[in-house]
Amino acid sequence: MKKVLTLTIMALAIVFTNEITAQEFSGMDKSPADIASYPSSYKVSDKLIKVMYSRPQLKDRSLSQLAPDGKVWRTGANEAAEITLYKDMMLGDISVKAGTYSLFTIPGESEWTVILNSNLNQWGAYSYDESADVARIKASTSNGDESLEAFSIAFKEVDSGVHMIMGWGTTRVAVPFSMSM
């Protein structure tokens with residue numbers, strides 16, 4: 001009886017081991033996910049803002065081909081970018097409660113519209129619903145000295161708070177955040 005039990009356990013182990021090793025893993029995403037946060041230092045765990053987004057590449061295409069002027073854009077690639085505010089904050093002059101929001105933008109020549117939307121887990125901007133917008137502001141654009149191949153987000157401290165800087169190619173968009181009043 002002991003031999004039968006041992007053989008049964010070994011047979012089951014072999015069956016389940018083959019299932020585990022048969023797992024297929026996908027290759028590296030062409031637009032890898034990234035996270036930007038403020039404060040940026042890994043030594044500071046008390047963050048105010050975190051943005052999760054994917055980083056599309058220009059690959060000899062123009063910014064306007066990938067993020068057309070006047071059209072709602074997911075602000076990155078793949079899923080819509082998500083921004084988490086850990087405290088109530090001001091986006092420009094609009095008060096926004098702490099929470100997680102989808103981040104959309106509408107590119108323009110001299111300014112971009114920046115949108116925080118309450119609908120999460122959206123693929124692209126295909127199901128974007130304007131009625132779920134929490135905040136919408138205009139942010140001016142500028143030109144950077146360096147051309148960025150991959151869409152990037154970083155934070156820069158300013159006197160009145162912090163700017164979330166979105167950059168791609170030579171385009172830079174500064175989105176103003178400050179502590180809620």
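Q: What makes both faces of strand 3 count as covered?
A: In this predicted model, Ala81, Ile83 and Leu85 on one side of strand 3 and Glu82 and Thr84 on the other are all buried. Buried stands for a relative accessible area under 20%, and five of the five residues of strand 3 are buried, so that the strand is described as mostly covered. In a regular strand the side chains alternate between the two faces of the sheet.

Q: How do you know that strand 3 pairs with strand 2 and with strand 6?
A: Two strands pair if at least two bridges are found between them. Strand 2 and strand 3 are joined in the antiparallel sense over four bridges, and Val51 has Ile83 in strand 3 as its bridge partner. Strand 3 and strand 6 (residues 99-106) also run antiparallel and are joined by five bridges, with Leu103 in strand 6 as the bridge partner of Ala81.

Q: Why is Arg55 called partly exposed?
A: Arg55, in the loop between strand 2 (49-54) and helix 2 (63-66), has a relative accessibility of 23%. Buried requires under 20% and exposed over 50%, and the value of 23% lies in between, so Arg55 counts as partly exposed.

Q: Why is the pair of Trp73 and Phe151 called edge-to-face, and the pair of Trp73 and Trp168 stacked?
A: A pair of aromatic rings is described by the distance of the centres and the angle of the planes. For Trp73 and Phe151 the centres are 5.2 Å apart and the planes 80° apart; the centre distance is within 6.5 Å and the angle over 60 degrees, so the pair is edge-to-face. For Trp73 and Trp168 the values are 5.7 Å and 10°; the distance is again within 6.5 Å and the angle under 30 degrees, so this pair is stacked. Both Trp73 and Phe151 are buried, as are both Trp73 and Trp168.

Note on methods:
Residues numbered from 1 in each chain as written. Predicted model: local features only at pLDDT ≥ 70, side-chain atom pairs only at ≥ 80, totals over all residues. Heavy atoms only, no water. Helix = DSSP H or I, 4+ residues; strand = E, 2+ residues; numbered from the N terminus. Buried < 20%, exposed > 50% of the residue type's maximum accessible area, 1.4 Å probe, protein only. Phe/Tyr/Trp six-rings, centres within 6.5 Å; stacked < 30°, edge-to-face > 60°.
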